[in-house]
Amino acid sequence: MPVAHTVHVALGERAYDILIGDRLIEEAGTILAERFPGRRFGIITDAAVAELHLPRLIASLDAAGLGHSEIVLPPGEATKSWDLLGRAVDGILAARLERGDLVIALGGGVIGDLAGFAAAIARRGMDFVQMPTTLLAQVDSSVGGKTGINSPHGKNLIGAFHQPRLVLADLSTLDSLPKRQFAAGYAEVVKYGLIDDADFFFWLEEHRAEIFAGGPARGEAVARCCRHKARVVIEDEKELGVRALLNLGHTFGHALEKDTGYSDRLLHGEGVAIGMVLAHEFSARLGLAAGQDASRVKVHLASAGLPTRLADIPGALGSTDALMLAIGQDKKVSRGALTFILTRGIGKAFIEKDVDPLAVSAFLEEMRAV
């Protein structure tokens, strides 16, 4: 069995394993038949992933004698919409999948979020399996049960907490990612070091090239991120406290994604990269962290080919007021007060409530001029 790492997410009756290794898609039929005997599976994926990986998964399920149907959606962030969610749910029902059957989310974060939400609401709740095919999904979005779609008002504002029954992270799928997509996922890897594990960040500085090249450090990085996220999810499953730390860089990043129309102008991980730099620079501006820490973060992300400044985003951005309006719709906002994940240095992130919007606006205005 090609499983190199197993991470257990201990959530009582909702507990599940994350299996990490090479060629797990080829082993999926055997694994699923053993863990979920007698079930049928509805595979939700997108057209790009289907071309690369769906035939391998179908062959594996067929070899194990597992019944299945496929729902193929368009690729891209715009897929996280009411229309495509409806198409996914209708596909589940049209395939006559029963409540005891399972949905498989085969793809990146978009498919994982949408398929998980579809499973949460189809027949009032079905089990599902995450099979993440991007680095971002393997280290972040496939773990923890956050599912949902976007709204014109902001990102991920519609959804549900719905934990998967199993996560199969096939490292071989990462070999097919374009360099830009892999780099975008790497931003989420770096995030875990910046939150509360400075040693991991320093390890990444030493091993980034090997992670990108596909050496053993790649699997180790995925496993370390999953262990980190599992620990946080166990402590705060529904983001009522410490789990908000996982949103480091996301308040700025989500506003930038909305401003760029959830398009290829700015991938999610790229928005997070810029957002993490802004969070460190804003913290330094407030006298909370040393400026050299922000510079160190910026240099490392740039070395991975990631954007680190507002000026790195192609095309014109909207006004500062428009960005502030998007920030005001952030899911961490409480009673109208802004909440940011700020930092006292590398590995020292914390939750800051009631942040002065005028200070944020002035900071953004200055960053737009850089």
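This is a predicted model: local features need pLDDT of at least 70, side-chain atom pairs count only at pLDDT 80 or more; totals for chains, interfaces and linings use all residues.
Okay, annotations to begin with. UniProt, in an unreviewed entry, puts a "binding site" feature at Glu188, His250 and His268. Those residues span 81 positions in sequence, yet no two of their C-alpha atoms are more than 10.2 Å apart, so they gather at one spot.

Let's take Glu188. It sits in helix 6, residues 179-196, and it's buried, with 0% relative accessible area. Setting aside residues up to four places away in sequence, Glu188 touches Leu136, Val139, Asp140, His250, His268 and Val272. So what about His268? That residue belongs to helix 10, residues 268-285, and at 16% relative accessibility His268 also counts as buried, because the cut-off is under 20%. Beyond its neighbours within four places, the contacts of His268 include Lys155, His254 and Glu257.

Now, the cores. The largest nonpolar core has 54 residues, and Ile18, Ile20, Tyr186 and Val189 touch the most other members. There's also a second, separate core of 24 residues, with Val89, Ala119, Met126 and Ile158 among them. Back to Val189: away from its neighbours within four places in sequence, its contacts include Leu135, Phe200 and Cys225.

On to the second largest pocket, which holds about 200 Å³ of space. It's lined by 15 residues, and Arg14, Asp127, His162, Gln163 and Arg165 are the closest to its centre. That lining splits into seven charged, five nonpolar and three polar residues.

Technical notes. Residues are numbered from 1 along each chain as its sequence is written. Side-chain values use heavy atoms; hydrogens and water are left out. A nonpolar core is a set of buried Ala, Val, Leu, Ile, Met, Phe, Trp, Tyr and Cys residues joined through side-chain atoms within 4.5 Å. Buried means under 20% relative accessible area, exposed over 50%, partly exposed in between (1.4 Å probe, protein chains only). Contact means heavy atoms within 4.5 Å. On a 1 Å grid over the protein atoms alone, a cavity is a set of points where a 1.4 Å probe fits but cannot get out, and a pocket is an open set with protein on both sides within 12 Å along at least five of seven lines; lining residues have an atom within 4 Å of a point. Grid points are joined across faces, edges and corners, and a volume is the space filled by probe spheres set on the points. Ala, Val, Leu, Ile, Met, Phe, Trp, Tyr, Cys and Pro count as nonpolar, Asp, Glu, Lys and Arg as charged, and the others, Gly among them, as polar. UniProt positions are given in the numbering used here, feature names are shortened, and annotations may be inferred rather than shown by experiment. Helices (H or I, at least four residues) and strands (E, at least two) are DSSP runs, numbered from the N terminus.
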